[in-house]
Amino acid sequence: MHIGTHFLAGWLVGVSQRDLTPGELGAIAFAGVAPDLDGLPLLVDKIGALLGRETFYYERWHHVLAHNLGAALVFSAVVAALARHGHRAKVALFAFLSVHLHLFFDLIGSKGADGSHWPIPYLSPFSQVWQVEWRGQWMFNSWQNTTILAALLVLTVWTAWKYGRSPVVLVSQKADEQVVAALRSRFGIPAAPLPR
């Protein structure tokens with residue numbers, strides 16, 4: 001699925017936790033995007049093509065290096081290390097869940113344009129025995145993926161209204177306050193406003 005879908009899903013995993021800082025929420029959201037780091041070989045392939053050298057690193061490594069249990073553990077540990085001392089276990093758990101949402105979304109909606117499926121070597125690097133695959137996988141640019149992205153956007157707006165925090169807080173606290181104020185001005189104050 002799209003990076004935006006993975007980011008919003010990761011954001012929604014932790015946003016209801018009022019004790020988490022914006023940085024911790026951002027780390028959880030970025031953990032949901034992190035498995036796609038194994039897509040960076042596409043840049044090498046494109047640069048190689050420009051230089052007249054054809055390589056296939058993307059096909060070989062995407063959905064292999066970082067779409068697995070080992071990577072989920074590493075991403076969760078890195079995010080936990082960045083969290084405040086009393087929040088490390090919670091942040092690690094939410095990051096682990098965020099990575100697994102990424103894997104789930106890719107499992108259901110990342111079929112290639114040529115009809116190829118992308119299995120997920122879930123137990124890697126510990127074992128190559130189990131490749132998770134679903135034959136009903138829909139294409140990357142399908143209406144289902146667009147619908148999921150739209151639903152996550154609606155949920156993100158709703159949680160910004162309800163919990164007083166949107167992903168904008170990762171860029172600017174003041175801008176986030178303005179977004180939340182605009183939503184609450186338009187749709188009313190939630191029944192039990194939560195402190196910032």
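The model is predicted, with local features needing pLDDT of at least 70, side-chain atom pairs counting only at pLDDT 80 or more, and totals for chains, interfaces and linings using all residues. Residues are numbered from 1 along each chain as its sequence is written, and side-chain values use heavy atoms, leaving out hydrogens and water.

Let's start with helix α5 (residues 69-82) and helix α6 (residues 88-109), which pack at about 145 degrees with their axes 8 Å apart. Axes here are lines fitted to C-alpha atoms, for helices over the stretch in contact, and angles run from 0 to 180 degrees between N-to-C directions. Helices are DSSP runs of H or I, at least four residues, numbered from the N terminus.

Next up, the axes of α7 (residues 143-163) and α8 (residues 173-187) come within 9 Å and cross at roughly 90 degrees. That makes α7 roughly perpendicular to α8, a label for angles of 65 to 115 degrees. Here V157, A160, W161, K162 and Y163 in α7 meet V180, L183, R184 and F187 in α8.

Y163 also turns up in an aromatic pair: its ring centre lies 6.2 Å from that of W158 with the planes at 85 degrees, so the pair is edge-to-face. Rings pair if their centres lie within 6.5 Å, and planes over 60 degrees apart count as edge-to-face, under 30 as stacked and the rest as tilted. Y163 is buried at 16% relative accessible area, while W158 is partly exposed at 41%; buried means under 20%, exposed over 50% and partly exposed in between, using a 1.4 Å probe and protein chains only. As for F104 and F105, their ring centres are 6.0 Å apart and their planes at 45 degrees, so this pair is tilted.

Technical notes: Helices (H or I, at least four residues) and strands (E, at least two) are DSSP runs, numbered from the N terminus. Angles under 35 degrees count as roughly parallel, over 145 as roughly antiparallel, 65 to 115 as roughly perpendicular and the rest as oblique. Contact means heavy atoms within 4.5 Å.
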